[in-house]
There are 2 protein chains.
Amino acid sequence: MPASTTINDILRARRTVYKYLHPTPLHHYPSLSRLVGTDTWIKHENHQPVGAFKVRGGLHLAAGLSEEQKQGGLYTASTGNHGQSIAFAARAFGIAATIAVPEGANRGKIAAMEGLGAKVITHGEDFDTAREWINNIAEERGGYFVGPTDEPLIQGVGTYGLEIMEDLPEADVIIVPVGAGSGVCGTAIAAKTLKPEIKIIGAQSAQAPTQQTCWQSGIMQSGPMATVAEGLATRVPFANTQTLMRNLLDDFILVEDSAIEHAVYLLLEHTHNIAEEAGAASLAAALQIRQKLEGKKTVLVISGGNIAPKRLQQILMEHA
Amino acid sequence: MPASTTINDILRARRTVYKYLHPTPLHHYPSLSRLVGTDTWIKHENHQPVGAFKVRGGLHLAAGLSEEQKQGGLYTASTGNHGQSIAFAARAFGIAATIAVPEGANRGKIAAMEGLGAKVITHGEDFDTAREWINNIAEERGGYFVGPTDEPLIQGVGTYGLEIMEDLPEADVIIVPVGAGSGVCGTAIAAKTLKPEIKIIGAQSAQAPTQQTCWQSGIMQSGPMATVAEGLATRVPFANTQTLMRNLLDDFILVEDSAIEHAVYLLLEHTHNIAEEAGAASLAAALQIRQKLEGKKTVLVISGGNIAPKRLQQILMEHA
């Protein structure tokens with residue numbers, strides 16, 4: 001395994017990221033703080049131009065490609081946000097992008113990828129199937145396959161972790177939704193280098209617990225996947241993020257999909273922001289462990305806001 | 001009438017505003033651009049910590065008060081966003097704030113004002129009634145009454161207009177929702193000083209057309225008010241913003257409430273952002289005049305995102 005990411009890689013990544021993106025805000029919300037029972041801040045990755053944190057990683061990865069790699073084009077698989085990131089970065093650097101999505105993927109996310117100029121192909125019943133398929137296509141065609149946890153992605157997305165610590169050095173806890181794990185690993189590397197005593201907590205759906213169960217057991221094993229939160233829909237664990245998470249995570253919480261949906265509503269009510277289901281997992285986890293958070297300055301990462309309007313309507317009908 | 005705001009006042013305001021707030025993003029959205037039929041950017045004032053542009057003005061106003069004025073406390077009336085701005089600024093500077101809201105005001109906005117430590121009193125059937133009442137209270141108690149178009153507010157909110165021009169000097173048109181008019185006036189002053197040929201267009205609800213009809217006729221006269229967009233719910237025109245708007249606006253569009261509601265949905269679909277009704281008036285206006293915008297780089301200001309979840313649910317049920 002290659003030497004893994006350090007904060008200096010994240011600092012280097014920021015040079016590229018800030019050519020295309022501004023830092024996102026970290027806001028304190030009094031009424032949300034009362035709900036969680038402790039001072040609570042939101043890191044607003046839902047404010048990114050493509051609505052999710054991933055775009056930071058895509059830009060850094062694309063910036064590091066050789067001319068030959070750029071000419072071969074980028075290939076990846078995505079449930080939506082990673083694909084938008086690669087499409088955004090490919091457009092910024094004038095690279096062709098081909099993205100495989102699983103059947104039933106979020107249509108708004110597909111439209112956004114296409115709007116950014118990417119070619120989108122639907123294949124397979126879940127993310128991991130689509131990923132293995134497009135990896136083969138890339139090899140056949142001599143294209144560059146982007147895996148969801150490639151080290152440059154971790155370095156790029158780690159820039160939001162750095163922003164959190166620069167804005168709030170007093171932070172005691174950061175809770176991060178976990179899909180493939182790039183976000184939580186980048187955040188943990190940045191935050192723990194600056195402040196080793198900070199607690200980093202992952203949050204995943206109990207309906208897609210693979211990453212959490214592997215983290216707990218140390219055994220790399222695929223698991224069930226039935227979550228409505230496509231951003232958390234990981235069935236097969238990733239070696240590099242598992243290694244990092246085992247070193248860096250202080251806790252890893254599973255939350256029910258129903259609690260995630262309620263959290264989408266609560267974020268709308270208390271912060272007037274849209275989180276997609278994955279993005280709201282951090283609040284769902286905080287509410288589940290609220291006693292442990294008491295008195296701790298808590299940062300919740302809203303990793304993305306790309307929810308389909310119909311889904312949001314259903315959630316509001318149940319909860320508003 | 002005192003000498004009115006110039007870009008130098010806005011530059012001065014920015015010193016205070018940036019102590020408490022970051023600039024908001026200006027994002028280009030490919031799929032929204034296709035919908036509007038021209039390259040379209042959104043100025044995201046819905047990303048402010050209190051969910052609306054007004055907070056910029058409140059901070060600048062509070063920063064300029066004497067110690068005696070601070071001790072007397074701030075008094076104002078609001079349908080919600082201006083009140084949150086004053087509450088936020090009052091908290092930042094350790095000042096007491098008392099805010100009158102009309103009956104039926106947005107409960108989420110009231111909770112947010114109270115969460116920021118303000119005293120909220122419900123009085124009168126609409127904004128203008130509440131405003132006249134609290135103005136008298138402030139006089140009786142020796143407090144400082146903040147009118148909705150006080151010059152420091154125009155200077156403070158003008159900082160977002162400045163940000164638009166710094167981020168996109170190529171802008172041809174900026175469309176701004178108009179309630180009391182501070183936002184559109186501040187924007188026009190900043191933008192037209194830097195680029196006299198830029199077009200500034202106001203947007204208001206056809207169900208609360210007072211500001212538009214006064215702007216058109218030059219006669220100061222109250223009008224009907226029945227809009228669902230509380231941020232546009234002005235019944236009585238304001239002398240200073242009317243004077244500025246007559247000098248600076250190139251057009252002033254009335255849009256039906258139904259078109260505003262549809263625009264709330266379209267912004268969710270195409271940008272994954274929440275606009276409150278007032279905030280979506282800029283998109284509704286753009287769609288209404290899309291032929292005139294063809295080929296013009298168009299900026300739509302989403303002035304705020306503080307919509308009640310129940311209202312959003314109703315809009316999604318109709319449109320999603």
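**View 1. Two chains related by a rotation.** A rotation of 180° with 0.0 Å of shift along its axis places chain B on chain A, at an RMSD of 0.0 Å. That is the relation of a two-fold axis. The superposition is by least squares on the C-alpha atoms of residues with pLDDT of at least 70 in both copies. In chain B, Q313(B) has the C-alpha nearest the axis, 2.8 Å from it. This is a predicted model: local features need pLDDT of at least 70, side-chain atom pairs count only at pLDDT 80 or more, and totals for chains, interfaces and linings use all residues. Residues are numbered from 1 along each chain as its sequence is written, while chains are lettered from A and ligands numbered from 1 in the order in which they are written.

**View 2. The side of chain B that touches chain A.** Here 30 residues of chain B are in contact with 29 residues of chain A. Contact means that the C-beta atoms of two residues, placed from the backbone, lie within 7 Å. Helix 2 (30–36), helix 6 (107–115), helix 12 (257–271) and helix 15 (309–319) of chain B each supply at least two residues of this side. Helices (H or I, at least four residues) and strands (E, at least two) are DSSP runs, numbered from the N terminus. Which helix gives the most to this side of chain B? Helix 15 of chain B does, with six residues. By class, the side has 15 nonpolar, 13 polar and two charged residues. Ala, Val, Leu, Ile, Met, Phe, Trp, Tyr, Cys and Pro count as nonpolar, Asp, Glu, Lys and Arg as charged, and the others, Gly among them, as polar. Of the interface residues of chain B, 97% are also interface residues in chain A, so the copies meet through the same surface.

**View 3. Two domains of chain A.** Domain 1 of chain A covers 7–53 + 151–319, and domain 2 covers 55–145. These bounds come from an automatic or database domain assignment. Taken over C-alpha atoms, the centres of the two domains are 23 Å apart. The contact takes 27 residues from domain 1 of chain A and 23 residues from domain 2 of chain A. On the domain 1 side, helix 1 (7–20) and helix 8 (151–167) of chain A each supply at least two residues. Helix 8 of chain A has the largest share of that side, seven residues. The domain 1 side holds 16 nonpolar, nine polar and two charged residues.

**View 4. Helix 1 against helix 8 in chain B.** Helix 1 (residues 7–20) and helix 8 (residues 151–167) of chain B pack at about 95°, with their axes 8 Å apart. Axes are lines fitted to C-alpha atoms, for helices over the stretch in contact, and angles run from 0 to 180 degrees between N-to-C directions. That makes helix 1 of chain B roughly perpendicular to helix 8 of chain B (angles of 65 to 115 degrees). Helix 1 of chain B brings D9(B), I10(B), A13(B), R14(B) and V17(B) to the contact. Helix 8 of chain B brings Q155(B), G156(B), G158(B), T159(B) and L162(B).

**View 5. An open sheet in chain B.** Six strands of chain B form an open sheet in the order 1-2-10-7-8-9, with mixed pairing. Two strands pair if DSSP finds at least two bridges between them. Strand 1 (26–28) and strand 9 (251–255) of chain B stand at the edges, each with a single partner strand, so one side of each is left without a neighbour in the sheet. The twist averages 25° from one strand to the next.

Conventions. Parallel < 35°, antiparallel > 145°, perpendicular 65-115°, else oblique.
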